Amino acid sequence: MKSLESELPSEQWVSERSQYLGGSDVGTILGENPYSTPLQLWMRKQGLLPPIENTPILKFGHFFESILAMHFEDVTGFKTRQVNKTFVHSEHDFLRANIDRQVLAGDKLESTAVLELKTTTSHRLKALDGESPKSWILQVQHYLGITGYDIGIILAYERDTCRFHDPVIIERDDDLIINNMNTLIQWWQTHMVGGKRPDPINGEDALILYPDSSDGKTMEVTPAGYSLYQELVKVRERKSDLEAMEEDLKTKLKVRLGDAERMVLAGKDLISWKSSSQNRLDTKSFREARPKLYRQYTKSTTTRRFTVK
């Protein structure tokens, strides 16, 4: 693959990213990113949404990369190198890879590898039973496809527990790479070249497209719309029955727990029911006692509430 030098100022780098698909975009397009959708990605690349804000968490991740790389070298004995260039697909220049580090070939490593450095939380990994998020795997496979390397390594650090995870080795999967790249090519040609807007897939997408309602406006339902309405009513009925079953089972288990905090099986936690204390602002009393101060710090927001009659 050819490479493209990219020591760009941050604003120019953000603008440049709208011209291609990088590793962090792969999970979004393939539906494996819980933090973004294909529609939101498309709107950002089209300039219809602002770029993702450079939050303190993102800044920390960028700052901590060098420390993660040093830790990786300490625990593995491998040498790494920061790469100040963008790798570009030989046939489709909109498919690119900005890797965190190269792991240099040596006595213990036959060929150069990709090192992907991640900062995350224990809660996210615990929800996945300690496995790497699929979006990370897809990102590394994308990098392997663009660079031509055979091995990728992920090193993760938990911000909330200050825990370094063991490096995870990802072997090149050519079938997965080909399938994913075909999907990315089709997505780019359809939505970026063809200009077709991706379909919304969740409530956040719908609110981005239609943030405000027109006062007093109504619409007569179409047959297709009424069919969706009927299906939603049936789903809500089933959901109500399942929620009632869930509450009944939870109550029975709480009775079995009694004053115990945990229910275990061979030492493994199954259920916890612990007492906890919370401090909350009594807004009603505050409003009555300090009405002027309450109005001073009251912020008006507008949203759209979806109700089913």
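D93 is partly exposed, because its relative accessible area of 44% lies between the 20% limit for buried and the 50% limit for exposed. Please keep in mind that this is a predicted model.

**Around D93**

- D93 sits in the loop that links β3 (85-88) and β4 (96-97).
- Leaving out residues up to four places away in sequence, D93 touches Y20 and V88.
- Q19 is 74 residues from D93 in sequence, yet the two C-alpha atoms are 9.3 Å apart in space.

**The nonpolar cores**

- The largest nonpolar core holds 35 residues, and the members that touch the most others are L21, F87, L95, I99 and W187.
- At least two residues of this core come from each of α2 (23-29), α3 (38-45), α6 (134-147), β7 (151-158) and α7 (174-193).
- α7 gives the largest share, with seven residues.
- Which residues does L21 contact, leaving aside neighbours within four places in sequence? The partners of L21 are I29, K45, F94, L95, R96, H142, L184, W187 and W188.
- There is also a second, separate core of 13 residues, with F64, L109, L115 and I153 among them.

**Helix α6**

- Is α6 mostly covered or mostly uncovered? α6 is mostly covered, with 12 of its 14 residues buried.
- The buried residues of α6 include W136, L138, V140, Y143, L144 and I146, along with Q139, Q141 and H142.
- H142, one of these buried residues, is also a contact of L21.
- Just after α6 comes G148, which takes a positive phi of about 85°.

**Where α3 meets α7**

- Two packed helices are described by the angle between their axes and the distance between the axes.
- For α3 and α7, the axes come within 11 Å and cross at roughly 55°.
- The crossing of α3 past α7 is right-handed.
- On the α3 side the contact is made by P38, L41, W42 and K45, and on the α7 side by W187, H191 and M192.
- K45 and W187 take part in this contact, and both also touch L21.

Note on methods:
Residues are numbered from 1 along each chain as its sequence is written. This is a predicted model: local features need pLDDT of at least 70, side-chain atom pairs count only at pLDDT 80 or more; totals for chains, interfaces and linings use all residues. Side-chain values use heavy atoms; hydrogens and water are left out. A nonpolar core is a set of buried Ala, Val, Leu, Ile, Met, Phe, Trp, Tyr and Cys residues joined through side-chain atoms within 4.5 Å. Buried means under 20% relative accessible area, exposed over 50%, partly exposed in between (1.4 Å probe, protein chains only). Helices (H or I, at least four residues) and strands (E, at least two) are DSSP runs, numbered from the N terminus. Contact means heavy atoms within 4.5 Å. Axes are lines fitted to C-alpha atoms, for helices over the stretch in contact, and angles run from 0 to 180 degrees between N-to-C directions. A crossing is left-handed if the near helix is turned anticlockwise from the far one by less than a right angle, and right-handed if clockwise.
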